[in-house]
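Here are some notes for a colleague who has the coordinates open. They go through helix packing first and then through individual residues.

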Amino acid sequence: MWKHVAANGFSLLIVGFIAFAGAVAWGQRQYVEEGPLAAATYFEVPRGATLTAVSENLAEAGIIENATIFRLGARYTERQDDLRFGNYEIPAGISMDALMELLSSGAPSTFRYTATYVIRGQGNGEMRLRERIPGTGDLQELATFGSDEEIPAEYTALVEAGTPIVYRVSVPEGLTVWQIVEGMRGADFLADDVSDLPAEGTLAPDTYEVERGTAISTILADMEEAQTEILVAAWAGRADDLPFESVGEALVLASIIEKETGVSSEREQVAGVFVNRLEQGIRLQTDPTIIYGESEGRGFLGRGIRQSEIENANNPWNTYRIDGLPPSPIANPGRAAIEAAVNPADTDFIFFVADGSGGHSFAVTLEEHNRNVAAWRRIEAERAAQEN
């Protein structure tokens with residue numbers, strides 16, 4: 001009898017081992033086989049999230065079929081502690097093994113929704129809400145609205161739902177500090193904590209990625225640090241025999257170049273003209289410097305310059321009335337304008353004027369310049385006639 005019981009027990013043990021081995025093999029197959037996700041999607045691993053919480057969320061989202069197998073597989077491959085917080089684009093049909101590899105890779109976050117706030121010259125901004133289509137990388141516009149306009153329902157719904165959104169602040173070249181700070185104050189996702197404005201010219205134009213609730217002062221500090229790095233590098237590689245002796249003067253000239261031309265191929269030529277004028281003791285006579293002084297650093301007048309403003313000797317930035325460079329930058333120049341200021345084109349040009357195409361006509365002599373000015377006046381007159 002005891003032999004019979006022992007034999008049966010041994011048989012059951014064997015069956016149990018076989019069943020266990022089968023279950024393990026089935027689990028291993030499930031872990032490496034194609035998953036149930038029918039179409040690419042996005043998934044967030046919150047900061048500090050546990051493997052258990054993440055696995056349950058993955059199952060709920062339909063990315064995996066079995067949260068337990070996902071956890072066991074992660075532990076079996078010794079990656080249970082390797083999850084990295086962030087937002088991930090999940091390919092269709094991804095296996096649990098490949099998914100764990102992705103979520104523990106530490107790759108840069110890929111957000112489904114991006115909100116880019118572009119600063120404008122009137123001290124305001126424009127928000128551009130875009131959705132990245134999973135699996136394609138294509139961006140689809142959801143809403144575009146100004147800081148002085150009503151916030152669209154599409155944007156409000158995402159914010160109220162706590163949907164992960166990557167926020168960016170885009171600052172174009174050539175804006176003043178006042179324009180930049182006032183523009184940022186119109187962004188609903190930034191905290192306004194600025195009482196004193198940074199020095200003019202010290203903010204590097206660029207696109208900065210931030211989190212919702214970021215203080216404006218934090219962004220300004222990042223911009224100042226970036227501009228300092230750009231200036232130091234450019235000054236170290238400057239040309240010989242420049243008609244100015246400090247990086248601060250280079251920044252002033254760069255700001256004037258930035259305001260005078262938006263054509264990248266012209267920057268060095270414009271810099272060469274100003275350098276020639278400084279070397280020959282000719283006044284710079286550039287309109288943007290007048291505008292800066294007359295607008296009290298706000299960068300725009302909303303009208304043309306008056307003759308009285310050209311003759312205004314009380315405007316310290318009026319380069320029609322002062323010799324040399326003005327006392328401070330008139331805007332925040334970008335890297336290209338700074339590099340042009342310290343490495344100007346080797347040219348004989350002394351004059352330039354708009355040519356009607358967005359660029360300029362350059363001249364060596366006053367006679368040639370006057371012909372170019374006359375041509376520009378004709379273009380202006382023709383445009384005015386067409387508008388009327």
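Predicted model: local features only at pLDDT ≥ 70, side-chain atom pairs only at ≥ 80, totals over all residues.

At what angle do helix α6 and helix α7 pack, and how far apart are their axes?

1. Helix α6, which covers residues 177–185, packs with helix α7, residues 216–236, at an angle of about 145°, and the axes of the two helices lie 11 Å apart. The crossing in which α6 passes α7 is right-handed. On the α6 side the contact is made by I180, V181, M184 and R185, while α7 contributes I216, I219, L220 and M223. Sorted by class, the residues in this contact of α6 with α7 comprise seven nonpolar and one charged, with no polar residue.

2. The buried residues are V177, W178, Q179, I180, V181, G183 and M184. Besides α7, the elements against which these buried residues of α6 pack are the strands β3 (113–119), β6 (165–170) and β7 (190–191).

3. Helix α13 runs over residues 366–387, and its 22 residues reach 31 Å from the first C-alpha to the last, which is close to the 32 Å expected at 1.5 Å a residue. Its buried residues are H369, N372, V373 and W376. Viewed down the axis of α13, these buried residues fall within an arc of 100°, so they line one face of the helix. As background, an α-helix has 3.6 residues a turn, so residues three or four places apart point the same way. The buried residues of α13 pack against β10 (351–354) and β11 (360–363), whereas on the other side of the helix E367, R371, R378, E382, A385 and Q386 are exposed.

4. I379 also belongs to helix α13, and with a relative accessible area of 23% it counts as partly exposed, because the cut-off for buried is under 20%. Leaving aside residues up to four places away in sequence, I379 touches D355 and G356. The C-alpha atoms of I379 and G356 are separated by 6.6 Å, although the two residues are 23 apart along the chain.

5. Which backbone values deserve a second look? Most residues other than glycine have a negative phi. E78, however, has a phi near 60°, a positive value in a residue other than glycine; E78 sits in the loop between α3 (67–76) and β2 (86–90) and is exposed at 67% relative accessibility. E296 likewise has a positive phi, near 60°, and is not a glycine. E296 is found in the loop between α10 (287–294) and α11 (307–310), where its relative accessible area of 69% makes it exposed.

6. A last point concerns R71, which is placed in helix α3. Is this arginine buried or exposed? At 13% relative accessibility, R71 counts as buried. Its contacts, not counting residues up to four places away in sequence, are with L51, T52, S55 and E56.

Definitions and conventions:
Residues numbered from 1 in each chain as written. Heavy atoms only, no water. Axes fitted to C-alpha atoms, helices over the stretch in contact; angles between N-to-C directions. Helix = DSSP H or I, 4+ residues; strand = E, 2+ residues; numbered from the N terminus. Left-handed = near helix turned anticlockwise from the far one by under 90°. Contact = heavy atoms within 4.5 Å. Nonpolar A, V, L, I, M, F, W, Y, C, P; charged D, E, K, R; others polar. Expected span 1.5 Å × (residues − 1). Buried < 20%, exposed > 50% of the residue type's maximum accessible area, 1.4 Å probe, protein only. Arc of directions from axis to C-beta.
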